[in-house]
Structures are given as C-alpha cells and as structure tokens.
Amino acid sequence: MSAAEELILTVDRGSARPMAVQVADGLRAAAADGRLRGGDRLPSSRALASRLGVSRTVVTAAYDQLHAEGWLTGRHGSGTFLTAAPVPAPKSGDPVLEDETPSPRYDLAPGAPCVEAIDRAAWRRAWRAASDRIPLSRKDRRGDPDYRVVVSEHLLRHRGLAAGSGTAVLATAGTSAAVAELAATLLRPGDAVAMEDPGYQRAVGAFRAAGVRVVPVPVDAHGLRADLIPSHVRAVYCTPAHQFPLGARMPAGRRVELIEFARRTGAFVIEDDYDGELRYDTAPLPLLATLAPDVVVHLGTTSKILSPALGVGWLVASPTVAEAVVARRNITGTGPAPIGQQVLVELARHGDLARHLRRLRREMPPRRAVVVERLRAHGLDVIGDDAGSHVLVPLPSAAAAERAAAAAGQRGVFLDRLARHHLGEQRIFGVPLGYSAVLRADLRAALEVAAECLATG
C-alpha cells in the first residue's frame, strides 16, 4: 500500500472552512511533514471522496487548487502525483536560517565558482579514480601526501610560490576552516586581528568564534590601508590579489609596507588568495608569501576555481606554524576529509586540472565584458580589477542597494549588498555582482533584470 493510500485525512463538517479547503490543507500538511513525498501517487478523486465520505466535487476542487499552486501534476492514464513538498512556514519563534530561504532563479552574488566550465567527463573520471583507492584506516593530519605535492606544483606554476624550502604545505577544509585553525592555534582569546572593512565576513565569524577581537581597517582603491593598522594587533587578514568584495589589487608598495609592519610589530599576515588564479589583464604581482614567508601564512581554496563539493584548500606557512596546526589537529582529531584531496590529485594526474584552469581563464573574460557592457548601458559604473568573478556596482546609499536587491528578488534575481560585508560604519555603498554561477545562456537575461533594478534603485 502506498503512503498516499495509508494517509489519514479528516474533514470537519461543522467547520466554517469549506471542505475542499480542508482537504487541500490536509494534503499540504502531509507533504510538509514528510508523510507524502514528491512523486507519490494520490488516490483518485472518486476513491478519496469515498474514504472521506464527501462528494467527489469536494476532492476535485481541492486537487484543482493544488494543481494551480504547482503541487500536483496529472499523468494521462496514470493518475495524480505530488510534484514537490511545499516549504512549511516557520512557526512563531522558530529561527529562520539563511540557507532555508527559497533559491532565486538567478544568483548574482559573488564568491561562487563557474561550474559550467568543468569538464563533466573529467570530473566523473576523477571521482571514480579516487573511489578506486584503498579506503584509509587512518588519515594524515597534514593532508594526503600526493595532494600536497599537487598543491605545491599548482602554486609554483600558477601563483609563482615555491613551497618547499623554508615552508610547509598542509591540506585544509577551505579558507574559513583554515582561519579558524590559525585563530585557535596562534592566537589567544582577547587577541586582536586587523580585518579589511569591508571584507570577508566568514573569516570574521571564524575569528570571533575563537574569542579573537576583530579590528576593522578601511579599504581603498588599492586594498587594505596598511598605514591605518593599529600596532597592537597580533595578526592581519587580507585578500591582496583581489580584495573581497571591492575587487582591488594591492600594489607592490603597499605589500612591502604591510610586510614591514608585520616584522616591526611581531604580527603575522594571513594572505587569503581565494581566486588568485583568475587574473586576465596583467601578470599577477608576487604573493605576500613569496616576499615574506617568515611572517605570511598563505591560504588557497578549490571552492572558487572548481567547486565547494571538494571541500578542500591549502595552507602554506613556516614549518613552526604548520607543526603547531598539525599538533592541534592531533589533539582534536580534526582535519580535512581525504576524498576531496584525492579527487584533485586525479584531476592533476591526467592534466585535467591545468586544462580546466585554461578553460576558466577563457570563459571568464567574455562574461565580465557582458557584465560591464550591460551595466554601463544603463548608466551604471563598474569598479574592480579585470580579474576574479565579480565586480562592484557603486550606488549612492545603502537604501538604494536594498531597494535594488528587493526589486531584483521579486523578479527572481539575487543581488548582494555591501552593507553585509562591513564591520564598522558603512562608508562604501553598492552591490558586489558575481557573474560565474549563472549559466552563460542565462547571463544576459539575469543582467538585464539586475541592471534595470540597480539603475532605478
């Protein structure tokens, strides 16, 4: 007997609510609490009417309402099926989690990879090869040795960082996880860390979860203002290759200034190179870790160049820092999952990782050109280096950004707002707009909606 046939529904004939409404509500509730699932076949209107002791007209009206709402579909000769379970409204007092909100049709937020550029055959081949390995009985807390070799080769070839003599490479579970490890290992509760403002809020959350005080430092057209960093901070977090979310590249002079600050004060620098491989206009400047491996901890991730499905990144630091992180992992039993590391190894083994990066660098510039063209056609300005996968659209106020985001949301397009990335009082207003997550065929349509809403916001 199917779940729908076992389903218990009741109808209150004494209620002021029409019986058809009661039947429809009962079916929605059954779908919401899991008694019915997408794809379940419902009883015929005649059979359900007989079970409930009501006229067939009542059940037909309930089914028609659910058809109109998109919850039911009819298959000729097969019956009526539940297409999907409706999302239940939160109960009063229940927290509403950000990830529980309905997904927009088009997501133009920054920070997502271009998964459309992934060669699906290579992707499947790498996962199959990784699954063919003998399962581990114990994992290396430093990371899979083959993975660390692949990362070292990747950094040397694509970022000019010679990881090896004087440094150590560790696998991580991604940038935020690495920041959390560094905060718990190298900092103490109450220590202060300088943070770009606006900047990456998940890093802020990782620091605060460790009891570390986050001190906002202004950002300008050249990235973090090194001259405004308080001398008492124990660490500095920054994104020098492509400042998140404003998109600036830190020039050589300011990089030297930041390194001199770290050496003078005894602080260390966390260099988040989240999308450093994605530069199209000029050759990248030397990484901070190349200039000063003694005071810089370099972080990278596969989440922006491939997919967060891998759940892995890397950390390059002095042996002292790396061993401290490993020692903590040994105590806590934490560390990145091996499977994502093994998939990256297999991608690199067959040359698919290098081919993917070349394909990605061909894919992103035309997308950015379309973004700039569409936005400027509506009289909007565009800020940010010709790199990465997002630009900034400046607006006159936070209210204008909120209005634009709300209007776009009504039309199925999600827009971010700079207000979400500020720590202190908001000084810069606008929308950071990503162009990698949307399919190429849909990008113009999504941009047209975004541009219209931004222009009238």
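In which loop is proline 198 found? Proline 198 sits in the loop between strand 6 (192-197) and helix 8 (201-209), where helices (H or I, at least four residues) and strands (E, at least two) are DSSP runs numbered from the N terminus. The model is predicted, so local features need pLDDT of at least 70 and side-chain atom pairs count only at pLDDT 80 or more, while totals for chains, interfaces and linings use all residues. Residues are numbered from 1 along each chain as its sequence is written, and side-chain values use heavy atoms, with hydrogens and water left out.

**Cis peptide bonds**

- The peptide bond that runs from aspartate 197 to proline 198 is cis, with omega near 5°.
- Phenylalanine 244 and proline 245 are likewise joined by a cis peptide bond, with omega about 15°, and proline 245 lies in the loop between strand 9 (235-238) and helix 9 (252-265).

**Aromatic pairs**

- Rings of Phe, Tyr and Trp (its six-membered ring) pair if their centres lie within 6.5 Å, and planes under 30 degrees apart count as stacked, over 60 as edge-to-face and the rest as tilted; by this rule the count comes to four aromatic pairs.
- Tryptophan 123 and tryptophan 127 form an edge-to-face pair, because their ring centres are 5.8 Å apart and their planes stand at 65°.
- Both tryptophan 123 and tryptophan 127 belong to helix 5 (residues 120-131), where they are four residues apart, about one turn of the helix.
- Tryptophan 123 counts as buried at 17% relative accessibility, whereas tryptophan 127, at 27%, counts as partly exposed (buried means under 20% relative accessible area, exposed over 50%, partly exposed in between, with a 1.4 Å probe and protein chains only).
- Phenylalanine 207 and tyrosine 237 also form an edge-to-face pair, at 6.3 Å centre to centre and with 80° between the planes.
- Because phenylalanine 207 lies in helix 8 and tyrosine 237 in strand 9, this pair ties together parts that are 30 residues apart in sequence.
- Phenylalanine 207 is buried at 1% relative accessibility, and tyrosine 237 is buried at 0%.
- One aromatic cluster is formed by Tyr200, Phe244 and Tyr274.

**Helix packing**

- Helix 6 (residues 145-159) and helix 13 (residues 352-377) pack at an angle of about 35° with their axes 12 Å apart, the axes being lines fitted to C-alpha atoms over the stretch in contact and the angles running from 0 to 180 degrees between N-to-C directions.
- The contact (heavy atoms within 4.5 Å) is made by Val150, His154, Arg157 and His158 of helix 6 and by Leu353, Ala354, Leu357 and Arg361 of helix 13.
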